[in-house]
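Visitor: I'm new here. Could you walk me through this one, a bit at a time?
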Amino acid sequence: MSSNPGHEGALPHEEHDAHADAGVGRFFFGRVPEGVHGGLKQYGILAIFLGIITLVEFLIIVPEGLQGSAVVIAPLVILSVIKFFCVVAFFMHLKFEHELLWQIFVAGLVLGLVVAVSLVLLFGVFRPTPRAFSEDRQIHFEHHVEEGHHVEALVVPTPCPVGACLPPAPAGGSGAASSPGEALFVGAAACSSCHTISGVAQGVLGPSLDGIGSASANRIPGYSAEDYIRESILEPDVYAAGTADGLDQDYDGNLMLSTMAGILPALSDEDIDALVEYLLSLQ
Amino acid sequence: MAHVDTTHAPPEHEAAAHPPAHEEETTTGINHRKLLMWVFLGSDCLFFGSLIATYMVYRGQSIVGPYPADIIDVPITTVSTFVLLMSSFAMVMAVAAARNGNQKRLVQWLVFTIILGAGFIGFQVYEFNLFRVEGLRYETNLFSSTFFTLTGFHGAHVTLGLFWLVCLTIIAARNPAGRPSGLDVDIAGLYWHFVDIVWIVIFTLLYLIGGFDAGPDAGHAAMQGWQWITGIFT
């Protein structure tokens, strides 16, 4: 109000007039001296205007066809930007303040926007498929388990939350797969996101399934290999190999359960049969 | 220094007659408290920007329900958005009353602002509780944790603002001699309006656009929109 003391002394009339009634048109669109204020009329008009915009925003998404559609994003964003700047300019009075305050606020706003957009681009957009992202960044390493025995493997980083890493289901299965079960394993069922099978899959989160076809026959007394594998797919929490013999230090039961729970509903009985058959074949 | 003070300093009673806000001469001509509030609001943009970005990054990444479409109630939130918007209107009228030195109107508008703000918090408590009852807890999925973090911090801002406004109202009602000053109310108003503009963004992104996301495929439309935009430039 008194940020420009010379003003008050030199032009008392103009200052006074502006206070009494800046005029609705001049208040919203005109150039007005620093420190002008609106009254019930100006702020009331703005409140009604903002209320109408909110109503319009709501009406835009009332038709069911438009709910969640890409078409409404631009109009909704534009309307909210209008509301945003109306509140900032008039309710927060920034139109009538020293320009330094604009600069400070806009600087923060732009930085905030840059942070938000960068994060979204970094984690949400520049990631054609999570699988491609991982495979581009896989690290080759050699590991000597014991004297004379040599293991080579690839560590595949998981750049995103488990479940988001499910690769897109290949249409008609991958040409390279030797059986429908293997196609499912590396494709639609996404088992390969977490499990390793030499020459087929390089997942590092779940236990390796190398030789599971023969190993599973002896895991639980009284279970056939097929029973064991089927149960491990359908009810992964009944028996977890890693916990029993302490092989897997990083075993995370909740992670496994939630991941498997996300995958299972998408699989038909035939899919499960094909997977079991494929895993049994791994000797 | 000593003579300057004795010759030019106004007598004690004259200095006391001026409210402190008018005495303050700063190099920018802007009151320091007001400048500081704007700096804080500028930095708060970064805080909410990051939380909003986190929500957008994890949008459509949940692998278990409930998903937004199962649980978000857009009509009710439209009403609560309107309530918060009107509280901003009441706040700006309180600021105008404080500037005009109308203590009675100031108290009235402040009380009106508090009622509307508390109404908004009431809607949020109702919503959070409904989500909890329907099985959406903080740790349920990526949607719930990012949603509760973002809207929870916003709700905390509103609650803090309410506390501030209650204090101002008590001061205004008890002490009619020029306190709180126009500046005191103005600064509280800036904070309050900022909370409103943050909600404008949240309402659009989380409710109007993101509120219909169903299942793990959600956010696909946004992706298509994005690809459409980038397609124009390539």
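Guide: Let's start with a term: two residues are in contact if their C-beta atoms, placed from the backbone, lie within 7 Å. Helices (H or I, at least four residues) and strands (E, at least two) are DSSP runs, numbered from the N terminus. This is a predicted model, where local features need pLDDT of at least 70, side-chain atom pairs count only at pLDDT 80 or more, and totals for chains, interfaces and linings use all residues. Residues are numbered from 1 along each chain as its sequence is written, while chains are lettered from A and ligands numbered from 1 in the order in which they are written.

Visitor: Which helix of chain B gives the most to the side that touches chain A?
Guide: On the chain B side, 50 residues are in contact with 52 residues of chain A. Helices α4 (32–57), α6 (74–99), α9 (182–209) and α10 (220–233) of chain B each bring at least two residues to that side. The one that gives the most, with 14 residues, is α4(B).

Visitor: Are α4(A) and α6(B) roughly parallel or roughly antiparallel to each other?
Guide: Axes here are lines fitted to C-alpha atoms, for helices over the stretch in contact, with angles from 0 to 180 degrees between N-to-C directions. Those of α4 (residues 40–60) of chain A and α6(B) come within 10 Å and cross at roughly 170°. Angles under 35 degrees count as roughly parallel, over 145 as roughly antiparallel, 65 to 115 as roughly perpendicular and the rest as oblique. So α4(A) and α6(B) are roughly antiparallel.

Visitor: Which residues of α6(B) does α4(A) meet?
Guide: From α4(A) come A:L40, A:Y43, A:A47, A:L50, A:G51, A:T54 and A:F58. Their partners in α6(B) are B:T78, B:T81, B:F82, B:L85, B:M86, B:F89, B:V92 and B:M93.

Visitor: Is A:H93 buried or exposed?
Guide: A:H93 sits in the loop between α5 (73–91) and α6 (99–125) of chain A, and has a positive phi of about 70° although it isn't a glycine. A residue is buried if 20 or more other C-beta atoms lie within 10 Å of its own, exposed if 12 or fewer, and partly exposed in between, with C-beta atoms placed from the backbone. A:H93 has 21 C-beta neighbours inside 10 Å, so it counts as buried.

Visitor: What ipTM does the predictor give the complex?
Guide: The predictor gives the complex a pTM of 0.64. Its ipTM is 0.81.
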